[in-house]
Amino acid sequence: MNYSFTIQKTQAPKPKPDPNTLKFGQTFSDHMFIMDYADGKGWHDGRIVPYGPLSLDPASAVLHYGQEMFEGLKAYRAPDGRVLLFRPYKNAERARASNERMCMPDIDAELFVGAIKALVDVERDWIPEKEGTSLYIRPFMFADEPFLGVHAAHHFKFVIICSPVGPYYDTPGGGIAPTSIYVEREYVRAAPGGTGFAKVGGNYGGSLKAQAAASARGCEQVLWLDAVERRYVEEIGTSNAFFVIGDEVITAPLHGTILPGVTRDSVIHLLKSWDIPVSERRLTIDDVFAAGRDGRLGEIFASGTAAVISPVGKLVSADGALAVGGGSVGPLAQRLYDALYGVQTGRLTDGFGWTVTV
Ligand SMILES: *Cc1c(COP(=O)(O)O)cnc(C)c1O
């Protein structure tokens with residue numbers, strides 16, 4: 001199905017930010033996409049309009065009970081000038097799972113990706129070209145129906161905004177650098193039966209306290225443990241986590257508390273294509289520290305759209321710190337980063353058919 005949207009161009013284009021000083025998610029492009037949903041009418045009035053504040057009724061359900069979801073992906077400009085999205089249909093699939101969990105209306109994958117493409121097409125000039133920069137795309141959906149009863153809303157908005165971004169972490173010279181991670185034993189991110197597998201705001205609002213505690217200890221992110229036994233490693237901040245122990249690469253299985261990352265899935269595909277054994281299985285934090293002590297822990301790294309691959313140089317825990325891989329970037333993290341970033345930016349052949357041209 002082909003969707004068409006109306007386009008209202010801005011009369012006051014903003015100056016583009018300096019690509020050398022771009023941070024993550026602080027400036028926004030000239031336009032945004034908005035579409036409305038009403039029960040009985042479905043999705044309607046998809047439109048691209050000048051970027052600006054939304055007007056919301058103060059009783060809008062999202063402001064009280066958090067009925068919302070979001071997504072995140074990036075557009076890159078290839079050396080030949082093409083604009084590339086990385087696996088946007090995976091984001092569409094995940095958005096549908098989040099919507100289902102949050103009692104929000106389904107959105108067709110072609111409509112979801114079509115809206116992203118239409119907006120990015122209008123914002124082509126906002127895609128920065130410097131190494132390590134990209135246009136971050138943030139689709140989100142929320143209940144804008146005014147009522148204070150706790151039940152699923154009947155009216156929603158789907159919005160997409162774009163932000164030209166630099167590297168997620170301030171890495172001198174771009175590329176990747178080791179991070180310090182705090183093993184969080186007090187707070188939990190997601191419990192079985194909860195919303196851990198869905199990209200929904202509540203998961204993040206509830207994680208800020210732990211993030212602040214980690215920052216106060218000089219760490220970039222927290223390592224989340226499972227909510228029931230507080231033993232199994234789950235995710236690193238808002239990224240999936242990989243542990244290289246001996247010859248095996250281990251990541252937590254998708255049993256409901258883990259966010260199914262597009263980057264995670266891509267890492268698993270790449271490792272398999274390189275004949276590197278990768279297991280989706282549970283792993284205790286004690287086994288990680290034991291492997292660190294007896295020299296079998298080769299690397300730890302996180303995967304996610306924002307930083308692509310983020311190596312861990314140090315694990316900090318209440319009972320001591322552990323240097324990982326000598327505190328430097330591990331060879332597998334570097335190889336994965338180069339392979340993923342190369343395909344995302346159109347500099348390497350896309351053997352998996354992952355990129356979509358706008
Ligand atoms: C978004 C996110 C990820 C990474 O998913 P990608 O699709 O790879 O960007 C991992 N964990 C959490 C909790 C997330 O919010």
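Arginine 264 is buried (under 20% relative accessible area, with a 1.4 Å probe and protein chains only), at a relative accessible area of 3%. The model is predicted: local features need pLDDT of at least 70, side-chain atom pairs count only at pLDDT 80 or more, and totals for chains, interfaces and linings use all residues. Residues are numbered from 1 along each chain as its sequence is written, and side-chain values use heavy atoms, with hydrogens and water left out.

**Arginine 264**
- Arginine 264 lies in helix α6; helices are DSSP runs of H or I with at least four residues, strands are runs of E with at least two, and both are numbered from the N terminus.
- The arginine 264 side chain makes a polar contact with the side chain of glutamate 280, at 2.7 Å. Such a contact is a pair of N or O atoms within 3.5 Å; within protein, one must be able to donate a hydrogen and the other to accept it, and residues adjacent in sequence count only if both atoms are side-chain atoms.

**Ligand contacts**
- Oxygen atoms of the ligand lie 2.7 Å from a polar side-chain atom of lysine 199 and 2.6 Å from one of threonine 305.
- For valine 262, a backbone N or O atom lies 2.8 Å from a ligand oxygen atom.
- On its own the ligand has 380 Å² of accessible area, of which the protein covers 96% (Shrake-Rupley method, 1.4 Å probe).

**Shell around the ligand**
- The ligand is surrounded by 14 residues, where near means a heavy atom within 4 Å.
- β12 (239-245) and α6 (262-273) are the elements that give two or more residues to this shell.

Notes:
Buried means under 20% relative accessible area, exposed over 50%, partly exposed in between (1.4 Å probe, protein chains only).
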